[in-house]
Amino acid sequence: NDYRTVDLPFVENDDELGTGDAWAGWFKSTDGGKSWFTGLLPGYPQDPNKTPPLYGFQAAADPIVRPGFNGMLYYSGIAHDRTPTRKSLVFVARFNDLNNVEKGDPIKLLDISVVFDGRPQNLFADKPAMAVDFPRPGQSVTCSVAGQTILGGNVYVVYTIVNATETEATLWFARSTDCGATFSTPEEISGRNSLNQGAVIAIDPRTGDVYVVWR
């Protein structure tokens, strides 16, 4: 959670507290951590390009990064408002190490995909978890990424949906079979328990079976 924009003197912050809020930041090193590149995911409130799909939300949070095959990096999180309606979005941003410069930053943002959009129903999504599989015989996927064709594995995301009165929280699961470009229609996995939170995903390296645990 990146708070670098909360005290910019020339920015009008208009959330309910009258101050700025967190956004989703990133930090990248190409020399083993000696030096770093840094920035914010596009769509932050001061973004001059008003980049979709995150622009228009007050805040972003709960970042998770997972590596994939062939230089892919996946960054999931939520964008949300703190207003009473508590609208939110679950997203996955895709980066790729293009390996095309001798100096500088070769790791470029490709796009941002929507896993779940809670705005139509005023639903709040929270605490996503993500896992990325490797290519498997009979299960690998072929994807077009930055002008090249690569092999990849499925991308799995689980998140919580909290109802308006915060009396019920359910776990939802979605899968991507095209290296994170799109995701399946989410399905509920938490059953009859009324309050569910804190999901973690593991993939069996032998079989590709997916396990989700939560409290």
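**Salt bridges and nonpolar cores**

The structure holds nine salt bridges, a salt bridge being a side-chain nitrogen of Lys or Arg within 4 Å of a carboxyl oxygen of Asp or Glu. The model is predicted, so local features need pLDDT of at least 70 and side-chain atom pairs count only at pLDDT 80 or more, while totals for chains, interfaces and linings use all residues. Residues are numbered from 1 along each chain as its sequence is written, and side-chain values use heavy atoms, with hydrogens and water left out.

D133 counts as buried at 7% relative accessibility, and R136 counts as buried at 8%. Here, buried means under 20% relative accessible area, exposed means over 50%, and partly exposed lies in between (1.4 Å probe, protein chains only).

R4 bridges to D2, with the closest N and O atoms 2.7 Å apart; D2 is buried, at a relative accessible area of 9%, whereas R4 is partly exposed, at 33%. K127 forms a salt bridge with D126, and there the closest N and O atoms are 3.7 Å apart. D126 is buried at 13% relative accessibility, while K127 is partly exposed, with a relative accessible area of 40%. D126 and K127 are also linked with D62 in a network of salt bridges.

Attention can now turn to the nonpolar side chains. In soluble globular proteins, nonpolar side chains tend to be buried together. A nonpolar core is a set of buried Ala, Val, Leu, Ile, Met, Phe, Trp, Tyr and Cys residues joined through side-chain atoms within 4.5 Å. The largest such core has 27 residues, and Y74, V90, V115, V157 and Y159 touch the most other members. Several strands, among them β3 (59-67), β6 (107-117) and β11 (169-176), each supply at least two residues of this core. Its largest share, five residues, comes from β10. Strands (E, at least two residues) and helices (H or I, at least four) are DSSP runs, numbered from the N terminus.

Which residues does V115 touch? Leaving aside residues up to four places away in sequence, V115 touches V90, F91, V92, V157, Y159, A174, F183 and P186, where contact means heavy atoms within 4.5 Å. A second, separate core of 16 residues includes L54, L89, F91 and I107.
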